[in-house]
Amino acid sequence: MPLEVDDLTVELGGRRVVDGVTFTVPTGGWLSVLGPNGAGKSTLLRAVAGLVPATGRVRLDGEDLCRLGRRARARRVALVPQRPELPRGMTVVDYVLLGRTAHAGFLAGYSRRDHDVVRTTLRRLDLLGLAHRELTTLSGGELRRAVIARALAQDASLLLLDEPTAALDVGRQQEVLELVDELRRERALIVVGALHDLTLAGQFADRLVLLDDGRVAVDGDARRVLTPETVRRHFGATVRILEDPGGVVVIPVREPVRGRDPQPITATPKTRPTR
Amino acid sequence: MHDGALRTARLPLRWGMAAGGLLVAVVLLGIVVGPAGISIGDVFRSLVARLDGGEGLDPRMEAILWEIRIPRVVLGGLVGAALAGSGATYQGVFRNPLADPYLLGVAAGAGLGATLAITSGWTATWGPVGPLPLAAFVGGLLGVGLTYLVGSAAGRTNLALILAGIAVAAFLTAVQTYVQQRHADTLREVYGWILGRLSTVGWTEVVVITPYLVVAAAITVAARGLLDVLAVGDEEATALGISPARVRNVLVVAATLGAASAVAVSGLIGFVGIIVPHTIRLVVGASYRAILPLSFVLGAAFLILADVLARTVVAPAELPIGVVTAFFGAPFFALVLRTTRGGMGDAARGR
């Protein structure tokens with residue numbers, strides 16, 4: 001299997017934040033990592049990217065990522081962070097060019113090929129028109145595309161997405177995930193993404209891993225993982241699951257409050273105070 | 001947009017040529033301005049004579065030109081380049097547009113070293129180097145070393161280093177003030193050094209600091225692209241394939257070497273390390289791939305120009321050059337902030 005994560009464990013401050021996680025993802029596959037807040041989703045992605053000390057094994061195309069240096073690793077694994085740092089005054093094209101750092105000559109001499117890759121990436125992500133805009137002037141959706149463009153410019157075969165749709169409206173959420181889906185098909189990328197939205201996670205990923213307290217609680221396809229019982233047990237939420245041609249749909253449902261009849265909402269006309 | 005119009009922040013040719021042209025013009029101005037009337041034609045005649053062995057100017061004018069004017073202009077250029085280049089590097093490394101080359105205790109350490117050299121009457125020399133620059137240089141490096149030592153104990157993060165720099169500078173300044181107060185007879189000399197000056201004895205200072213400046217400039221300019229990578233924070237920079245701590249250490253050492261050697265021969269000249277990179281940033285954008293090389297060139301031009309003013313405003317007396325850089329630099333800076341896009345400027349608001 002192209003991505004093999006085996007018994008990955010991360011301890012931070014004496015606590016096991018990721019605890020013996022094991023999974024595999026085939027070439028061109030999309031794995032969504034789910035879980036309640038604090039379950040260890042982001043830490044798992046950071047461990048795969050080599051950003052936190054971890055034990056266990058991460059192999060990509062048979063190569064042990066833990067043995068690679070930073071540059072070599074950055075040519076194989078690209079991370080789209082949840083809250084990227086946006087250098088003030090930096091333009092989109094210069095930001096995307098940062099994705100070529102691991103390919104550039106020693107001391108960041110960018111080659112013609114680096115510039116060609118950036119140009120191709122900007123064109124593919126429909127960012128050419130925004131190339132000279134400053135990052136801080138972009139809308140939420142445009143900014144996400146710029147961050148994804150930087151990751152794509154790394155030319156890595158594994159794309160890690162940490163909450164790529166956070167703070168986006170529903171249209172931009174779909175747009176970003178459709179884009180990632182198209183890119184992974186075009187380039188046979190392996191995508192591992194942490195997502196909060198259970199419906200979107202189920203509809204875009206081939207396989208889901210649900211983490212709770214750092215451990216894999218359930219894994220499998222959306223129909224196996226996204227059940228009312230699983231969601232109640234691990235998220236403490238009441239949901240209904242609907243079948244749709246696009247995949248399963250998870251709808252949060254408010255439980256009726258016992259012993260209290262719903263009060264009709266009535267509008268009381270304002271009366272002008274009499275003098 | 002047409003694909004061919006895609007511009008990255010490589011140093012734009014027109015800016016590079018404009019900065020180079022300005023430097024050449026300011027160098028010529030620095031050479032011809034002074035009590036002894038030397039024209040641009042004289043400068044070229046003397047230069048040609050030196051190259052092909054023809055007849056130059058009369059010996060007195062040759063001496064003024066080659067032993068007084070040109071060394072002083074060259075020294076001003078080197079010191080200005082070092083201060084502006086180091087300032088830009090520190091700003092990139094610490095991700096703070098208001099960081100200056102004296103941030104980590106170079107100034108306080110050099111100040112203490114210089115004060116000790118002046119008050120003790122040391123006569124130790126190192127080759128052609130006198131006790132004052134030697135003590136200032138060593139003091140500056142020790143100041144930064146102490147900051148690193150204190151900062152390491154607190155985790156060696158950016159914030160820890162900056163706070164350690166403040167603590168070390170305060171401590172060394174206190175010691176320096178104490179030594180200064182105990183030797184009131186040398187107060188004027190110490191004060192003169194602290195205000196900064198560009199007085200030369202022939203080419204000695206130029207020869208002494210050039211190797212350090214060349215090393216500092218070569219490292220920082222070569223690594224300018226990595227300063228842009230540091231701008232996205234340590235974690236993202238690591239994910240992009242660099243070691244932020246290693247890059248930071250190399251660049252801080254290089255920038256400190258430049259700042260310490262500049263301080264050693266010129267005293268404390270304030271403002272250059274902030275005003276020059278900051279003005280460039282407001283005009284050409286936030287990428288250090290353009291800011292850093294331009295800082296070296298325009299820092300040189302700025303300090304040569306400031307020195308021309310220091311020599312001429314109250315001639316035949318001289319103003320301390322630090323007074324000139326602040327007096328003319330601050331209003332110019334305010335003007336740039338007002339007239340540049342973004343009003344007060346994004347960089348001024350911090351990141």
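## Strand pairing, a buried helix and a chain contact

Val209 of chain A stands opposite Asp219 of chain A, which lies in strand E10(A). This is a predicted model, in which local features need pLDDT of at least 70 and side-chain atom pairs count only at pLDDT 80 or more, while totals for chains, interfaces and linings use all residues. Residues are numbered from 1 along each chain as its sequence is written, and chains are lettered from A and ligands numbered from 1 in the order in which they are written. Helices (H or I, at least four residues) and strands (E, at least two) are DSSP runs, numbered from the N terminus.

- Two strands pair if DSSP finds at least two bridges between them.
- Strand E9 (residues 207-212) of chain A pairs with strand E10 (residues 215-220) in the antiparallel sense, over five bridges.
- Two residues lie between the strands in the hairpin of E9(A) and E10(A), where Asp213(A) has a positive phi near 55°.
- Strand E3 (residues 30-34) of chain A runs parallel to E9(A), and four bridges join them; Ser32(A) has Leu208(A) as its bridge partner in E9(A).

- Seven bridges link strand E1 (residues 3-12) and strand E2 (residues 15-25) of chain A in the antiparallel sense, and Glu11(A) has Arg16(A) as its bridge partner in E2(A).
- The hairpin of E1(A) and E2(A) has two residues between the strands, and Gly13(A) takes a positive phi near 60° there.
- E1(A) is also joined by five bridges to strand E4 (residues 55-60) of chain A, which runs antiparallel to it; the partner of Asp6(A) in E4(A) is Arg57(A).

**Helix H5(A)**

- Helix H5 (residues 140-153) of chain A has 14 residues and reaches 20 Å from its first C-alpha to its last.
- This is close to the 20 Å expected at 1.5 Å a residue, the expected span being 1.5 Å times one less than the number of residues.
- Eleven of the 14 residues of H5(A) are buried, meaning that 20 or more other C-beta atoms, placed from the backbone, lie within 10 Å of a residue's own.
- Among the buried residues are Leu143(A), Val147(A) and Ile148(A).
- Their cover includes helix H4 (112-124) and helix H6 (170-187) of chain A.

**Contact between chains A and B**

- In all, 29 residues of chain B are in contact with 30 residues of chain A, contact meaning that the C-beta atoms, placed from the backbone, lie within 7 Å.
- On the side of chain B that touches chain A, the elements giving two or more residues are helix H9 (224-230) and helix H10 (234-239) of chain B.

Conventions:
Two residues are in contact if their C-beta atoms, placed from the backbone, lie within 7 Å. A residue is buried if 20 or more other C-beta atoms lie within 10 Å of its own, exposed if 12 or fewer, and partly exposed in between; C-beta atoms are placed from the backbone.
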